[in-house]
Amino acid sequence: MGKINKTSELMGKEKETNRIPTEEKKQSIPTCSFTVGIQDLNKHYFKVRLQMETDAEETVLALPAWTPGSYMIRDYSTHLHKFISYNPLTQEEVKSEQIDLNRWKVKNNKQAFVAEYIIYAFEDYSVRTNYLDSEFGFINPSALFLYPEGNLQTAVSVRFETENTFANTFTSLRKEGPHHYLAEDFDELYDSPFHLTNQTSIRFRSDQCEHELLIEGNVPYSFKEKLASDLQKITSKQIEWMESCPNSYYLFVLNLSQPAYGGLEHKASSINFFSPDQIHEDEDYKRLLELLSHEYFHLWNVKRIRPVALGPFDYQSPNLTKELWIAEGVTSFYDIHFLYLAGFLTKEEYLSRIQNDVLSLDDTNAEDWMSLEESSFTAWTKYYKRNGNSHNINVSYYTKGAALVLCMVIFLLKETNGTKSFRDIMLLLYKRYYLEKQRGFTKQEFFDTAKEATGVDLKKEFDGLLTTAKRIPIEEYLKWIGLQKIESEWVADLRFKTKDKNGNLFVQKISHKDDGIVPDLQLEDEIVAINGKRMNSSLLQKLEKQLQPKEKIHVLLSRYGRMKEIILEVAGAYKNRKLGYIEIIPQEVKEIQNQFFKKD
């Protein structure tokens, strides 16, 4: 516990150094006290009251435009309404005006003031937006709490007047009293979501960290007990792997109230959405564990071990970085690795999940269009703003990042005869840049640390795969752990997917590959008939099984209300694809393979 307290103290000093406003802007550090209530439950309105003590002539209040961990400008001010300000003693109006899309200027004349406003909380059902209905309330702080411009380091008090509707409030912030919480600054506030509910939680301990699991949704208590027990094994394994836990408390929020999938990491909590219909089958349940494992490993990777651009944050503009492949690719590789280490996946199941990332890269030509660094840098406008062609030209820094980390893991084992691993890199990054320097690292510092930790120059081997749009020669690395791609049964592939609208078929997705076959199709084309036969979803599936690669088919379609006839050449694809073991391998490869699948 002493080490944990010391770490928290150091990180507090880091924030203080980086976040103090300039003397021109700063009069004195104001105090900010929020009160959150429910304006109208059925209309999904939160009411927010901010009281500020300040001696500034005027105060500019701003609402963040995005949430760290979700790299897209979201313009949360869209949902802020009825902004007013007044003197708390006299109740007289204090003049204010909106000066930008997400900024309000209050002319408070060196006096304390109150600002009130309404937040609409039904925009979207996700881990990054506010939500309010009769079952629960969720607050993403970046989307609800205004901050005084130039004073992000201000301590914040948040009090909830929602107990008549929701008995319990869950957050990782320090509790000051009933429904009353304190944040040391706005960075901590924005990294600490709130869940309002009548549900109760379950607790478990891993190492010196107390964990709390809150599940929203109608599930039996036995499920909560099972999930808590399984999470205890996963969190314990991750803490053991990283040799310590930076937290004394961690909150899992799992929302099982509606069909959804996703998670968002925070420094002492994670918010996770999963479909309630997919928790009973073994494979689906393991997918849930994979999600929770992923978000929990962010406790170290991203929230503490991070590229230098990912903090401190500019909440109005993108924090651009080319290293999201480290932030998410490393985490995506290790989320399933920890399930394997904790005993939830067999060796064959672990291999099956690895192959999902590896083989998915072959589905399109995206690797020839975009490098991993470009994928990271443009996440704000490309990965998070996808369109009908994104899958053909956009590389995922999650998927390809995980595949590249797989190659790095294998390469390290090969070059060091199994004496060093990627874990050595993570431990040194954590020690040097989080505990000692209290900052993020640059790309060069990442590779320098990797070389110091392992003796291997990863930059020389892999930099070209980061900076250049080209395919990873993944087979060359897989063979060093005795694996190969196995493909069989060449079958027809129409290269397009359809969606059903009132029994009619419309093109929903078109895949481009490198064999030169490009169908004369557009998104939203209606497929009326093929080879003279009227099509529906069931008939199209049967037809594709009967066709042969290179076969020519006659397609009648409707485009913009006009009929059009085309001749389409059927492409081909392997029906069966997997990673399999090479039957005869040298002893040195066998030893590397054993190291790769080693569980201790």
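Predicted model: local features only at pLDDT ≥ 70, side-chain atom pairs only at ≥ 80, totals over all residues.
Local features require pLDDT of at least 70 and side-chain atom pairs pLDDT 80 or more, whereas totals for chains, interfaces and linings use all residues. Residues are numbered from 1 along each chain as its sequence is written, and side-chain values use heavy atoms, without hydrogens or water.

Strand E17 covers residues 209-216, and eight of its eight residues are buried (under 20% relative accessible area, 1.4 Å probe, protein chains only). Strands are DSSP runs of at least two residues, and helices (H or I) are runs of at least four, numbered from the N terminus. Cys209, His211, Leu213 and Ile215 point one way from E17, while Glu210, Glu212, Leu214 and Glu216 point the other way. E17 pairs with strand E16 (residues 201-206) in the antiparallel sense over six bridges; pairing requires at least two DSSP bridges. Strand E18 (residues 249-255) runs parallel to E17 and is joined to E17 by seven bridges, with Ile215 opposite Leu254.

The largest nonpolar core has 148 residues, of which Leu227, Phe422 and Phe596 touch the most other members. Such a core is a set of buried Ala, Val, Leu, Ile, Met, Phe, Trp, Tyr and Cys residues joined through side-chain atoms within 4.5 Å. Beyond its neighbours within four places in sequence, Leu227 has contacts (heavy atoms within 4.5 Å) that include Leu213, Ile215 and Leu254.

Helices H5 (residues 324-341) and H6 (residues 347-360) pack at about 170 degrees, with axes 10 Å apart. Axes are lines fitted to C-alpha atoms over the stretch in contact, and angles run from 0 to 180 degrees between N-to-C directions. H5 is therefore roughly antiparallel to H6 (over 145 degrees).

Note on methods. Parallel < 35°, antiparallel > 145°, perpendicular 65-115°, else oblique. Buried < 20%, exposed > 50% of the residue type's maximum accessible area, 1.4 Å probe, protein only.
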